[in-house]
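Me: I am new to this structure and would like to know what the terms rest on. Show me the sequence and the model, and then I will ask.

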Amino acid sequence: MIIVMQAGAEPAQVERVVARLTDLGYQHHISQGVERTLIGAIGAPEGEKEALAEQLSLLAGVERVVPILRPFKLVSREHALEPTVVKIGHAAFGRGQISVISGPCAIESEKQLLESARAVKEAGAAVLRGGAYKPRTSPYAFQGLGQPGLEMLAAAREETGLPVLTEVTDARQIEGVIAVADAVQIGARNMQNYDLLREVGPIGKPVVLKRGFAATVQEWLRAAEYVASAGNLDVILCERGIRTFETETRFTLDLGGMAAAKLETHLPIIADPSHATGSHKLVPPMALAALAGGADGLMIEMHQHPDRALSDGPQSLTPKRLKTLMDQIRNLALALGLTLVGPEDA
Ligand code: PEP
Ligand code: MN
């Protein structure tokens with residue numbers, strides 16, 4: 001924490017600040033500038049810094065106090081020597097390895113999910129994703145099949161051998177979900193549901209944490225810190241678009257934010273061009289752009305019949321389009337020196 005004294009502050013005022021710091025048990029370091037004096041306070045416990053800064057700012061001669069806060073530690077780059085690789089089954093995300101997660105937005109029937117799973121595998125995506133619990137903007141929209149959906153997911157996993165990812169929207173769903181899923185998704189709308197973030201700490205399975213569409217990169221990283229500090233460092237961050245003034249696309253895929261976040265965290269970050277753009281036509285260019293921009297993987301929605309999908313049809317690729325995109329991803333990965341981990345690597 002740095003205490004900035006007013007220009008022309010009396011030496012006695014500086015001494016009073018120093019005496020207060022000493023009383024509180026902190027060490028200090030004084031920098032005497034031409035115009036003003038700065039006092040660095042060392043050793044303040046993280047949790048007390050903000051309150052202490054407020055108190056010190058009230059002392060005579062103090063212009064302002066700047067707390068040097070470290071809002072996230074476990075997920076920060078300094079905490080790890082190398083970027084972390086998170087695995088979902090055999091799929092790998094991070095440190096030059098990429099994988100693609102694909103499947104329908106919502107599980108609609110056993111037939112639909114099994115056909116999806118086969119198509120996902122055939123295209124070369126390594127993780128099957130389907131929602132049994134859907135966070136929908138309207139309470140009248142299809143909310144997902146719930147527990148029966150999870151059973152269909154288990155059947156698809158059994159048949160194809162693909163690891164599966166599915167979302168939890170409430171802590172009460174965790175037990176049922178982890179009985180089936182290889183990894184758990186926390187959706188954009190729950191990124192700041194801190195109780196839910198804490199609840200996925202002890203599950204012992206990776207968590208895909210989507211960025212809230214009104215969340216800054218810092219808030220997103222702090223959300224990841226909640227999961228990490230609750231005991232789970234297997235977190236994959238997912239950039240899925242933020243809300244801006246632009247209405248041509250559903251959200252705005254923030255690749256700048258993704259790249260900035262990668263500078264701050266050792267955790268892998270994937271991109272979801274489906275929710276970001278809302279249109280299947282925009283998914284391939286944004287998927288490739290995300291990979292070129294450093295994404296550690298992709299999440300892409302797919303449906304056999306997008307025109308009959310119960311949710312997110314317009315942004316869903318058909319199996320054929322997914323296959324074409326996977327070919328492009330394979331070529332780009334090669335050019336970028338990335339290893340695309342597919343289902344054949346299981
Ligand atoms: C989803 O993954 O289908 C979903 C609802 O995504 P998001 O939480 O990013 O809106
Ligand atoms: Mn969706």
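**Terms and values**

Me: Why is His303 called buried?

Reply: Its relative accessibility is 4%. Buried means under 20% relative accessible area, exposed means over 50%, and partly exposed lies in between (1.4 Å probe, protein chains only). At 4%, His303 therefore counts as buried.

Me: What kind of model is this, and how are its parts named?

Reply: It is a predicted model, in which local features need pLDDT of at least 70 and side-chain atom pairs count only at pLDDT 80 or more, while totals for chains, interfaces and linings use all residues. Residues are numbered from 1 along each chain as written, chains are lettered from A and ligands numbered from 1 in the order written, and side-chain values use heavy atoms, without hydrogens and water.

Me: Where is His303, and what does its side chain contact?

Reply: His303 is in the loop between S14 and helix H11 (319–336). Helices (H or I, at least four residues) and strands (E, at least two) are DSSP runs, numbered from the N terminus. The side chain of His303 makes a polar contact with the side chain of Glu108, at 3.2 Å. A polar contact is a pair of N or O atoms within 3.5 Å; within protein, one must be able to donate a hydrogen and the other to accept it, and residues adjacent in sequence count only if both atoms are side-chain atoms.

Me: How many helices and strands are there, and what share of the chain is buried?

Reply: The protein chain has 11 helices and 15 strands. Buried residues make up 51% of its 346 residues. Its C-alpha trace spans about 80 × 45 × 40 Å along the principal axes.

Me: What makes four residues the donors of the manganese ion (ligand 2)?

Reply: Donors are N, O and S atoms within 2.8 Å of the metal (3.2 Å for Na, K and Ca); water is not among the atoms, so sites may look incomplete. Cys105 (SG), His275 (NE2), Glu301 (OE) and Asp312 (OD) coordinate the manganese ion (ligand 2) at 2.0 to 2.4 Å. Cys105 and His275 link distant parts of the chain, 170 residues apart. Cys105 is in the loop between strand S7 (97–103) and helix H3 (110–123), and His275 is in helix H9 (residues 273–277). Both Cys105 and His275 are buried.

Me: Is Asp312 buried or exposed?

Reply: Asp312 has a relative accessible area of 16%, so it is buried. Asp312 sits in the loop between S14 and H11. Its phi is positive, about 55°, although Asp312 is not a glycine.

Me: Why is strand S14 called largely enclosed?

Reply: 5 of the 5 residues of S14 (residues 297–301) are buried, so the strand is largely enclosed by the rest of the structure. In a regular strand, side chains alternate between the two faces of the sheet. Both faces of S14 are covered: Gly297, Met299 and Glu301 are buried on one side, Leu298 and Ile300 on the other.

Me: How do you know that S7 and S14 pair?

Reply: Two strands pair if DSSP finds at least two bridges between them. S7 and S14 run parallel and are joined by 5 bridges. Ser99 stands opposite Gly297 in S14.

Me: What makes Tyr194 and Tyr226 a stacked pair?

Reply: Rings of Phe, Tyr and Trp (its six-membered ring) pair if their centres lie within 6.5 Å; planes under 30 degrees apart count as stacked, over 60 as edge-to-face and the rest as tilted. By this rule there are 2 aromatic pairs. The ring centres of Tyr194 and Tyr226 are 4.4 Å apart and their planes are at 25°, so this pair is stacked. Tyr194 lies in helix H6 (residues 194–199) and Tyr226 in helix H7 (residues 217–229), so the pair ties together parts 32 residues apart in sequence. Tyr194 is partly exposed, at 31% relative accessible area. Tyr226 is partly exposed too, at 26%.
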